[in-house]
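Let's take a walk through this structure, strand by strand, and then stop at the ligand. Keep the 3D view open as you read.

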Amino acid sequence: MRKPFVAGNWKMHTDSQTSVNLAVSIVSGSREVAGRSVAVAVIPPFVYLQAVVRALSTSHIAVGAQDIYIERQGAFTGEISASMLKDVGCTYVLCGHSERRQVIGESDELVNKKVAAAISGGLLPILCVGELLDEREGGRTAEVVGRQIKSCLAGLSAEKLSAATIAYEPVWAIGTGLTATPQQAQEVHALIRKLIEEMYDSESGEEVRILYGGSAKPSNAAELMRQEDVDGLLVGGASLNADDFVTIIKAAV
Ligand code: PEP
């Protein structure tokens with residue numbers, strides 16, 4: 001049985017006060033379910049991680065980071081290592097979010113190293129994959145997502161894979177208000193699960209958690225979650241509003 005998982009990616013939003021306020025409001029709204037029937041994580045900007053970890057210390061809500069660097073330590077100005085993220089109380093880390101692929105230019109090869117570094121450092125990576133609009137329109141979704149999964153998980157054993165969550169996030173649906181239909185999401189999630197089975201074994205395919213991300217909101221969360229292979233949601237915009245995020249958390253139970 002895969003436990004549902006809802007994660008809120010705050011991107012480059014909030015400040016020292018509003019990040020803590022948001023965390024506290026999410027805890028109070030989701031107390032009966034968060035961590036019990038649904039795993040929940042919030043993913044604030046690096047600089048507010050510690051404050052949010054503190055605000056969530058008596059809750060069952062985990063904290064994740066939005067990125068990681070591949071080396072343990074050294075002369076890498078501006079970068080943050082797995083051990084630093086562990087040190088401030090992070091459990092999860094996003095790897096290969098489409099904004100980092102599109103805006104910063106991260107390659108599958110780099111994302112693969114980030115996933116490996118996260119797992120070696122004791123973090124649980126959330127590997128993001130997804131096709132661009134013209135790739136979908138050109139009928140290339142399976143090819144693109146398949147390539148991303150194979151490249152980004154290259155060299156990872158089945159045991160290490162069990163630490164990872166995959167997030168299918170069609171790029172055309174992120175922050176656009178456009179959502180994949182539940183059928184479109186299910187189709188790609190099933191494809192990813194089958195690929196994991198082929199790359200590893202049936203147990204790995206059965207156990208890997210696959211989240212959908214892309215304009216998930218209170219009005220579409222339950223329908224998306226009803227799909228057989230949708231195990232949870234990675235939420236951007238709607239995770240910045242405590243009421244909306246709590247509604248989504250409850251829809252995932
Ligand atoms: C995201 O940032 O991963 C995301 C899915 O954003 P949004 O929900 O705003 O589309």
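This is a predicted model: local features need pLDDT of at least 70, side-chain atom pairs count only at pLDDT 80 or more; totals for chains, interfaces and linings use all residues.

Residues are numbered from 1 along each chain as its sequence is written, and side-chain values use heavy atoms, with hydrogens and water left out.

Start with strand E7, residues 209-213. Strands here (E, at least two residues) and helices (H or I, at least four) are DSSP runs, numbered from the N terminus. Five of the five residues of E7 are buried, so the strand is largely enclosed by the rest of the structure; buried means under 20% relative accessible area, exposed over 50% and partly exposed in between, with a 1.4 Å probe and protein chains only. Look at which way the side chains go: Arg209, Leu211 and Gly213 point one way from E7, and Ile210 and Tyr212 point the other way.

Now for the neighbours of E7. Strands count as paired if DSSP finds at least two bridges between them. Strand E6 (residues 165-168) runs parallel to E7 and is joined to it by four bridges. In this pairing Ile166 stands opposite Ile210, and Ala167 stands opposite Leu211. E7 also pairs in the parallel sense with strand E8 (residues 232-235), over three bridges, and there Gly213 faces Leu234. To get from E7 to E8, the chain passes through helix H11 (residues 218-225), making a right-handed β-α-β crossover. Right-handed means that, with the strands pointing away from the viewer, the path from the first strand over the helix to the second runs clockwise.

E6 has another parallel partner in strand E5 (residues 124-129), with four bridges between them. Here Cys128 stands opposite Ala167.

On to the ligand. There are 14 residues around it, and Lys11, Glu169, Gly175, Ser215 and Gly236 come nearest; to be near, a residue needs a heavy atom within 4 Å. By class, this shell has four nonpolar, eight polar and two charged residues. The nonpolar class is Ala, Val, Leu, Ile, Met, Phe, Trp, Tyr, Cys and Pro, the charged class is Asp, Glu, Lys and Arg, and the others, Gly among them, count as polar.

Which atoms touch the ligand's oxygens? Polar contacts are pairs of N or O atoms within 3.5 Å; within protein, one must be able to donate a hydrogen and the other to accept it, and residues adjacent in sequence count only if both atoms are side-chain atoms. A polar backbone atom of Gly175 lies 2.6 Å from a ligand oxygen, and a backbone N or O atom of Ser215 is 2.7 Å from one. The protein buries 96% of the 290 Å² that the ligand exposes when taken alone, with areas from the Shrake-Rupley method with a 1.4 Å probe and, for residues, only the protein chains shown as cover.

Finally, two single residues. Gln66 sits in the loop between strand E3 (61-65) and helix H3 (82-87), and its side chain reaches the backbone oxygen of Ile43 at 3.1 Å. Gly146, in helix H7 (residues 141-152), counts as buried because its relative accessibility is 11%.
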